[in-house]
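Below are my notes, in the order I looked things up.

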Amino acid sequence: MLILPQALEHAGRLDDTPFLLKLLAHEQTRLAQYAASEGEVREAQETSFFPDLRGVTGRAYGFLLQGHACWADRQITARLFGEPVPSEQVTARATARYRELFATPQHQGAVEQARQAGDSVARIIAAEGLAHFNQVWKNPDLAPTIEETTSDLTAWQKRFAGPGVTA
């Protein structure tokens, strides 16, 4: 894991302790995901050659990884500060260049997708429990599909409640 102080300075967050703790919680969760799946989920996400032969065609691993990390950082910062630490707004101390990049449709789309992913993971965990959700790290069939993340956000949750999924 690498966190660049210059990037945090441009974002106006270098001395923002709640945000820094949120960032650490988020990124440490990424390491836990890697460990829980023994690297399989990360490898599947980065597979670009012959995904059909590896059984990862049409899976939205980025949505899974980002959603879980967002859920985790919300949980951790809520315990530390009484409520989740937001990061969807630009700070007054951000540089002009950072403000410009923050306002782009691409960045705003990424922010919205992260929010949706975190909300989806939160719904599954609330309905099925964390231990049940954590099966996703060993069972690739539980990873969301691209279709589920773009057209029917409840379909992924329904698969967790389906037959053959055990806690």
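**Entry 1: Ala35**

I started with Ala35, which counts as exposed at 54% relative accessibility. The cut-offs I use are under 20% relative accessible area for buried, over 50% for exposed and partly exposed in between, with a 1.4 Å probe and protein chains only. Ala35 lies in helix α2.

**Ground rules**

I am working on a predicted model, where local features need pLDDT of at least 70 and side-chain atom pairs count only at pLDDT 80 or more, while totals for chains, interfaces and linings use all residues. Residues are numbered from 1 along each chain as its sequence is written, and side-chain values use heavy atoms, with hydrogens and water left out.

**Entry 2: the whole chain**

I counted 10 helices and zero strands in the protein chain. Helices (H or I, at least four residues) and strands (E, at least two) are DSSP runs, numbered from the N terminus. Read from the N terminus, the order is α-α-α-α-α-α-α-α-α-α. Of the 167 residues, 35% count as buried. I also looked at contacts, meaning heavy atoms within 4.5 Å. Among contacts with a separation of 6 or more, residues 24 or more positions apart account for 66%.

**Entry 3: α2 against α5**

At what angle do the axes of α2 and α5 cross? I get roughly 135° for helix α2 (residues 17-36) and helix α5 (residues 61-81), with the axes coming within 8 Å. That makes the pair oblique. On this scale, angles under 35 degrees are roughly parallel, over 145 roughly antiparallel, 65 to 115 roughly perpendicular and the rest oblique. The axes are lines fitted to C-alpha atoms, for helices over the stretch in contact, and angles run from 0 to 180 degrees between N-to-C directions.

On the α2 side I noted Pro18, Leu21, Lys22, Ala25, His26, Thr29, Arg30 and Gln33. The α5 side includes Leu65, His68, Ala69, Ala72, Ile76 and Phe81. By class, this contact has 10 nonpolar, six polar and three charged residues. Nonpolar here covers Ala, Val, Leu, Ile, Met, Phe, Trp, Tyr, Cys and Pro; charged covers Asp, Glu, Lys and Arg; the others, Gly among them, are polar.

**Entry 4: α5 against α7**

I looked at α5 again, now with α7: they pack at an angle of about 75°, with their axes 7 Å apart. The two are therefore roughly perpendicular to each other. From α5, Phe63, Gln66, Gly67, His68, Cys70, Trp71 and Arg74 take part. Their partners in α7 include Gln113, Gly118, Val121 and Ile125. The residues of this contact divide into eight nonpolar, seven polar and three charged.

His68 of α5 got its own check. Is His68 buried or exposed? It is buried, with a relative accessible area of 8%. Leaving out residues up to four places away in sequence, His68 touches Thr29, Gln33, Val121, Phe133, Asn134 and Trp137.

**Entry 5: the core**

Next I went for the largest nonpolar core, where a core is a set of buried Ala, Val, Leu, Ile, Met, Phe, Trp, Tyr and Cys residues joined through side-chain atoms within 4.5 Å. Of its 20 residues, Leu64, Phe133, Val136, Trp137, Trp156 and Phe160 touch the most other members. The elements giving two or more residues are α3 (40-45), α5, α7 (105-128) and α10 (153-160). Which element gives the most to this core? It is α5, with six residues.

Leu64 touches Val41, Phe133, Val136, Trp137, Ala143, Pro144 and Trp156, not counting residues up to four places away in sequence. Phe160 lies in helix α10 and is buried at 1% relative accessibility. Phe160 and Phe133 are 27 residues apart in sequence and 7.5 Å apart in space, C-alpha to C-alpha.

**Entry 6: two loop residues**

Glu38 sits in the loop between α2 and α3 and is exposed, with a relative accessible area of 62%. Its phi is near 55°, a positive value in a residue other than glycine.

Thr91, in the loop between α5 and α6 (96-102), is buried at 13%.
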